[in-house]
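Have a look at the sequence and structure first.

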Amino acid sequence: MSVAINIDDLIADRFDDPAREPLSAEYKNGTRSTLEFCINGGDPVCPYPMGTPAADAFIAGMDEGRQIFQVLKSKRGVV
């Protein structure tokens with residue numbers, strides 16, 4: 001039996017740590033977009049114009065989303 005994965009919980013676990021430096025909404029959006037893609041399928045698309053700080057933050061957040069997903073896969077097996 002598979003257990004549903006709550007993306008909101010994954011995001012909260014990662015970003016609600018008061019000891020962690022605050023991150024932009026764009027960065028968190030990139031993380032969420034990548035987790036949604038990895039877990040549910042689809043195609044993550046950067047909603048910000050390329051070459052802008054917002055796009056850079058989104059793409060950096062995507063990297064963190066991939067890291068979170070890899071940890072999740074290693075703990076739970078294939079998701």
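T31 counts as buried because its relative accessibility is 0% (buried means under 20% relative accessible area, with a 1.4 Å probe and protein chains only). This is a predicted model, where local features need pLDDT of at least 70, side-chain atom pairs count only at pLDDT 80 or more, and totals for chains, interfaces and linings use all residues. Residues are numbered from 1 along each chain as its sequence is written, and side-chain values use heavy atoms, leaving out hydrogens and water.

**Around T31**
- T31 lies in helix 2 (helices are DSSP runs of H or I, at least four residues, numbered from the N terminus).
- Setting aside neighbours within four places in sequence, T31 is in contact with I11, F15, G61, M62, E64, G65 and I68 (contact means heavy atoms within 4.5 Å).

**Helix 1 against helix 2**
- Helix 1 (residues 7-15) and helix 2 (residues 25-40) pack at about 140°, with axes 10 Å apart (axes are lines fitted to C-alpha atoms over the stretch in contact, and angles run from 0 to 180 degrees between N-to-C directions).
- I7, D8, L10, I11 and F15 of helix 1 meet Y27, K28, T31, R32, L35, E36, I39 and N40 of helix 2.

**Helix 3**
- Helix 3 (residues 53-76) has buried residues A54, A55, A57, F58, G61, M62, E64, G65, I68, F69 and L72.
- Those buried residues pack against helix 1 and helix 2.
- Just after helix 3, G77 takes a positive phi of about 80°.

Note on methods. Helix = DSSP H or I, 4+ residues; strand = E, 2+ residues; numbered from the N terminus. Buried < 20%, exposed > 50% of the residue type's maximum accessible area, 1.4 Å probe, protein only.
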